[in-house]
Amino acid sequence: MFQELFSLFYPSICAACSEPLLKNEKVVCINCLVDLPYTNFHLEKDNPVERLFWGRCAVHFATSLCYFRKSNRVQHLLHQLKYNGKTNVGEFLGIELGKQLELTQRLSPIDLIVPVPLHPKKEKIRGYNQSLFIAQGISNVLQAPVESQVLLRRTNTSTQTRKSRFERYKNVETIFQLAEPERVYGKNILIVDDVVTTGATLESCTALILAEGAGQVNVATLATA
C-alpha cells in the first residue's frame with residue numbers, strides 16, 4: 001500500500017524520455033525500448049564494428065547494441081549512465097545486449113566477461129565504472145562470470161573526444177596491464193565497453209589479452225558512433 005502511494009506521488013520515470021513508467025516497466029519504457037536504433041550487428045558477419053579491427057587485432061566477434069547519434073535516445077541514456085549516476089541503465093541495457101548475444105550463432109560460450117577499466121582516479125571521481133554495470137547485465141543473461149580486476153588501466157589518459165583515429169590509438173597504446181594473466185589463458189573472453197568509435201581502446205585491450213594466451217577475444221558495446 002505504501003509503495004503504491006509513493007509511486008503515485010513520486011513515479012519512476014523512463015531514463016530515455018522522462019515520462020512516468022507504467023507498473024510493469026523498468027528503467028526504460030516500452031515505447032523507447034522498441035524505438036531504440038538497434039544495429040542487429042550480432043547477426044551480421046563482418047559487420048562495421050568487426051571491420052574496425054581488420055588488420056589490427058584478431059577480434060573473433062564484435063557487436064554494438066545501438067547506433068549512437070547526437071541528441072538521440074541512446075546518447076541520453078549513456079549520459080544518464082556515465083554522468084548522472086544511473087547505473088541501473090547500464091545493467092538494464094546490458095541485459096538487452098546479453099539477449100542478443102544469447103541468440104547469435106556466431107559467438108562461442110563465454111568463459112569470462114571483462115569490462116574496460118577506468119583509471120582509479122577517474123573511477124573515484126565518478127564513483128563507479130559504467131562498463132562494469134553493462135557487464136553485469138550481460139552476465140545475468142549469459143551466466144558467465146564478470147572479472148573487473150584482471151584488466152587494469154595504469155595510465156590516466158586524456159579524453160578521446162575530438163582526437164583522430166591515429167591519435168586515439170597512440171593515446172591508449174600502452175595504458176592497460178593484466179594483473180592476473182593466468183585468468184585469461186585459453187579462455188573465451190568478452191570485453192565490454194559503453195561506446196566504440198575508432199576501436200582504439202578495445203584494440204589495446206584485445207591485443208594485451210591475446211598476447212597472454214586467451215583462446216578468443218570478443219567485443220560487445222552498448223553503442224557504436
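Select Ile189 first: with a relative accessible area of 0%, Ile189 is buried (buried means under 20%, exposed over 50% and partly exposed in between, with a 1.4 Å probe and protein chains only). This is a predicted model, in which local features need pLDDT of at least 70 and side-chain atom pairs count only at pLDDT 80 or more, while totals for chains, interfaces and linings use all residues. Residues are numbered from 1 along each chain as its sequence is written, and side-chain values use heavy atoms, with hydrogens and water left out.

Ile189 sits in strand 5 (helices, H or I of at least four residues, and strands, E of at least two, are DSSP runs numbered from the N terminus). Show what surrounds Ile189: leaving aside neighbours within four places in sequence, its contacts include Ile110, Leu112, Val114, Ile209 and Val217 (contact means heavy atoms within 4.5 Å).

Asp194 counts as buried, at 5% relative accessibility. Which side chain makes a polar contact with the side chain of Asp194? That of Lys82, at 3.4 Å (a polar contact is a pair of N or O atoms within 3.5 Å; within protein, one must be able to donate a hydrogen and the other to accept it, and residues adjacent in sequence count only if both atoms are side-chain atoms). Beyond four places in sequence, Asp194 also touches other residues, among them Leu78, Gln130, Ser131, Ile134 and Thr221.

Four of them form an open sheet in the order 1-6-5-2, with parallel pairing (two strands pair if DSSP finds at least two bridges between them). Strand 1 and strand 2 (112-115) are the edge strands, each pairing on one side only. From one strand to the next the twist averages 20° (axes are lines fitted to C-alpha atoms, for helices over the stretch in contact, and angles run from 0 to 180 degrees between N-to-C directions).

Helix 7 (residues 130-142) lies across strand 2, strand 5 (188-196) and strand 6, at about 130° to strand 5. Helix 9 (residues 200-211) lies across strand 5 and strand 6, and runs at about 165° to strand 5.

Move to strand 1, which is joined to strand 6 (residues 216-224) by six bridges. In strand 6, Thr224 is the bridge partner of Tyr67.

Next, look for aromatic pairs; the structure holds two (rings of Phe, Tyr and Trp, the last by its six-membered ring, pair if their centres lie within 6.5 Å; planes under 30 degrees apart count as stacked, over 60 as edge-to-face and the rest as tilted). Phe41 and Tyr67 make an edge-to-face pair, 5.7 Å centre to centre with 85° between the planes. Phe41 lies in the loop between helix 2 and helix 3 (48-51) and Tyr67 in strand 1 (residues 61-67), so this pair ties together parts that are 26 residues apart in sequence. Phe41 is buried at 3% relative accessibility, whereas Tyr67 is partly exposed at 28%. Tyr128 and Phe133 form an edge-to-face pair at 6.0 Å centre to centre and 85° between the planes. Tyr128 is buried, with a relative accessible area of 12%.

Finish at Leu21, in the loop between helix 1 (2-9) and helix 2 (30-35). Is Leu21 buried or exposed? Leu21 is buried, at 16% relative accessible area.
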